[in-house]
Amino acid sequence: MGKIHLLSDALASQVAAGEVVERPASVVKELVENSIDAEAKSIEVRVQRGGIALIRVLDDGCGMNRDDALMSVERHATSKLRTKEDLGAIGTLGFRGEALPSIASVSKFRLTTRETKALQGTEVTINGGKMAAVKDSGEPPGTQIEIRSLFYNVPARRKFLRTENTEYSHVEQQVRLQAIAHPECRFALVRGERTVFQLPATKNLLERIRGLAGNALASELLEVHAYERNGVKVHGYIGPPGMGRPNRAQQLVFLNDRPVEAAVIHYGLREGYHTALMKGQHPVTFLFIEVDPSKVDVNVHPAKKEVRFHDGNSVRDAVIGAVQRTLQSELRRPVSGEILRSATAARSSFISDQAQSIDSLAAEAQESQTELIPKREQHSLRTDWAENDQSANQQASQEGVADNSRVAESSENKFGEDAEKVERTSGPVPEDFRILGVLGKLYVLMEGKDGLALMDQHAAHERVLFEEMKRRMEEDGVPTQRLLIPATLELPPKDFDMVNQNLEVLARLGIIAEPFGGNTLKIDSLPSFFKNDEPLDFIYAVIEELRVSSAKMSSLRLGEDLVATTVCRHAVKANDKLQGPELDKLLKDLLDCEMPYCCPHGRPTLIQISYSELEKKFGRKV
Ligand code: ADP
Ligand code: MG
């Protein structure tokens with residue numbers, strides 16, 4: 001007898017399951033996609049113990065009759081694909097006919113289903129790929145699939161599962177993705193006994209985003225109005241300049257309503273945002289791309305996570321174009337088309353003898369010394385933060401070529417003639433504005449070329465401080481001053497752990513702290529630009545903000561950018577009365593920034609009310 005034999009169906013399914021079913025979230029994905037394909041108007045996902053103990057997906061879709069229910073768990077059985085031509089233009093989420101048999105081969109599986117007008121439903125039970133029972137059932141129309149004890153018969157795979165919390169968070173992310181992709185469908189997610197969210201069906205994408213991501217985020221998003229280029233359509237919502245995230249968890253992209261990842265799309269987004277985001281940050285996007293299904297291959301990856309485009313360049317260019325147009329048209333800024341301002345524009349140093357630079361703030365602090373802060377000590381904190389990126393940067397600036405323009409150049413080469421040319425002029429200069437006065441101790445009124453321009457003094461100052469701080473971190477570290485009497489504070493254990501894990505990042509930003517027994521923290525030094533008299537209030541505010549942001553991010557370790565942003569927010573004093581030269585200086589420093597149009601939190605620093613808007617308001621023009 002030869003050595004080669006055919007695998008039994010059950011074993012073949014288990015092998016296939018290795019690709020399709022990686023973890024509970026992949027089961028949820030397959031089941032929810034099936035429900036969408038079945039045209040469900042309501043989908044409910046329930047999980048226990050992160051989906052390891054139980055996943056149940058309930059829909060009100062078309063359901064199946066008994067024959068189909070039995071077929072659905074056979075390998076390569078699908079209602080979505082018949083001919084080779086169909087494969088060339090997939091219009092459904094599923095098509096491989098693999099998910100149900102694969103899932104059923106590695107779990108305790110129960111399917112109950114009933115067609116809308118049928119008198120009877122069907123229940124199919126399968127354990128580890130073996131049919132256990134088929135019977136009539138009396139469920140309401142639709143389909144319910146219940147997966148218990150995932151991987152109970154494949155210990156090797158079970159071992160690869162992470163903690164229940166981690167598995168759960170992947171499940172939640174998956175349901176969120178599907179919910180954004182299909183606002184017209186009601187979605188509910190229940191974890192254990194708790195309803196995590198319940199989203200009514202809506203025709204309005206923003207409404208759905210609001211339901212999932214909260215009002216605060218939704219209200220800041222910019223709408224990407226229908227954009228088309230080379231047959232690629234783009235629409236959706238994206239974050240304004242400056243709204244960046246340390247990872248891609250909120251960079252959601254859908255291709256023909258299917259959540260996807262593709263290098264060309266990442267590239268397009270990065271290029272579209274260009275300097276509107278800090279280096280290493282990822283945008284927040286809810287972006288929908290539509291292409292002719294025959295122009296994309298979704299059958300590259302068993303879990304259909306990746307896609308291959310016949311013409312990737314046109315997709316990339318459409319993404320770039322849509323993002324750029326949105327960023328440019330939606331934000332009112334003093335000079336249009338400035339978002340891609342070239343960094344070659346003279347960028348003078350912030351370090352000067354005038355007020356408001358880090359040095360001068362420190363000097364002021366020294367003058368108004370309190371007992372608490374008697375002597376200023378310069379720590380030169382070396383940073384290993386820089387790494388390769390940074391040395392490339394330094395080299396570039398030594399050559400007199402700023403980083404941004406290098407990117408711009410190379411991208412222009414890559415896009416060739418085809419890409420939409422975006423003005424890369426040098427930025428506005430203080431001469432473009434005449435300062436008229438300050439409104440409400442906060443808004444600096446200026447006469448600009450096109451009308452009235454307003455600068456939010458506080459936001460502008462935050463931006464200036466932030467960029468200077470980042471630069472200092474790259475160079476010799478942010479100067480700190482030692483407290484005469486170190487401040488101690490006791491924190492809740494969770495906050496203490498979070499701070500404790502980020503001491504190094506804080507130190508690079510000039511906050512030097514160490515554990516002091518129990519959950520007590522000792523603060524030895526603060527950044528020298530800090531001039532408030534209440535260091536403890538400052539530290540509490542910083543910790544509070546870090547706590548809130550770390551709760552949103554999965555990782556406990558916080559990015560340097562995030563910490564810098566937070567520190568700046570609390571270091572800048574509101575309602576400081578600035579005099580003429582100080583205002584000039586602030587405006588100049590702001591316009592010298594790499595990203596002058598928003599504060600580190602993404603709020604605008606400058607807005608414009610153009611002459612034509614004024615004319616309309618005064619009824620001179622309609
Ligand atoms: P595919 O989705 O690739 O066709 P699956 O194994 O996921 O393969 O599903 C097999 C078939 O079972 C589907 O083609 C569909 O006809 C049927 N089916 C699966 N889930 C549902 C559901 N929730 N409602 C109605 N029919 C379903
Ligand atoms: Mg399927």
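Mentor: Start with a pair of residues: Thr 480 stands opposite Pro 527 in strand S23. Thr 480 belongs to strand S21 (480–490), and S21 pairs with S23 (residues 520–527) in the antiparallel sense over seven bridges. Two strands are said to pair if DSSP finds at least two bridges between them. The names come from DSSP runs, numbered from the N terminus: helices are H or I runs of at least four residues, strands are E runs of at least two.

This is a predicted model, in which local features need pLDDT of at least 70 and side-chain atom pairs count only at pLDDT 80 or more, whereas totals for chains, interfaces and linings use all residues; side-chain values use heavy atoms, and hydrogens and water are left out. Residues are numbered from 1 along each chain as its sequence is written, while chains are lettered from A and ligands numbered from 1 in the order in which they are written.

Back to the sheet. Three strands form an open sheet in the order S21-S23-S22, with antiparallel pairing. S21 and strand S22 (512–515) are at the edges with a single partner strand each, so each has one side without a neighbour in the sheet. On average, and with direction ignored, neighbouring strands of this sheet are turned by 15 degrees against each other. For such angles, axes are lines fitted to C-alpha atoms, for helices over the stretch in contact, and angles between N-to-C directions run from 0 to 180 degrees. As background, side chains in a regular strand alternate between the two faces of the sheet.

Another open sheet has four strands in the order S18-S19-S20-S24, and here too the pairing is antiparallel. Its edge strands are S18 (434–439) and S24 (606–610), each of which pairs on one side only. Strand S20 (residues 451–456) and S24 run antiparallel and are joined by five bridges. Met 455 has Leu 606 in S24 as its bridge partner.

Two helices pack on this sheet. Helix H15 (residues 457–474) touches S18, strand S19 (443–448) and S20, and its direction makes about 60 degrees with that of S20. Helix H20 (residues 580–592) touches S18, S19, S20 and S24, and its direction makes about 110 degrees with that of S18. Touching here is contact, meaning heavy atoms within 4.5 Å.

The loops around S18 hold two residues to look up. Phe 433 lies in the loop between helix H14 (403–415) and S18. Because its relative accessibility is 10%, Phe 433 counts as buried; buried means under 20% relative accessible area, exposed over 50%, and partly exposed in between, with a 1.4 Å probe and protein chains only. The C-alpha atoms of Phe 433 and Asp 584 are separated by 9.8 Å, although the two are 151 residues apart along the chain. Lys 441 sits in the loop between S18 and S19, and has a positive phi of about 55 degrees although it is not a glycine.

Asp 257, in the loop between strand S12 (251–255) and strand S13 (258–259), likewise has a positive phi, near 70 degrees, without being glycine. With a relative accessible area of 35%, Asp 257 is partly exposed.

A hairpin can be found elsewhere. Strands S7 (residues 186–191) and S8 (residues 194–199) pair in the antiparallel sense over five bridges. Phe 187 has Leu 199 in S8 as its bridge partner. Two residues lie between the strands of this hairpin, where Gly 192 takes a positive phi near 60 degrees.

Last, a helix pair. The axes of helix H7 (residues 164–181) and helix H2 (residues 24–37) come within 8 Å and cross at roughly 25 degrees. That makes H2 roughly parallel to H7; angles under 35 degrees count as roughly parallel, over 145 as roughly antiparallel, 65 to 115 as roughly perpendicular and the rest as oblique. Residues making the contact include Val 28 and Val 32 of H2, and Val 171 and Val 175 of H7. By class, this contact has six nonpolar, three polar and three charged residues. Ala, Val, Leu, Ile, Met, Phe, Trp, Tyr, Cys and Pro count as nonpolar, Asp, Glu, Lys and Arg as charged, and the others, Gly among them, as polar.
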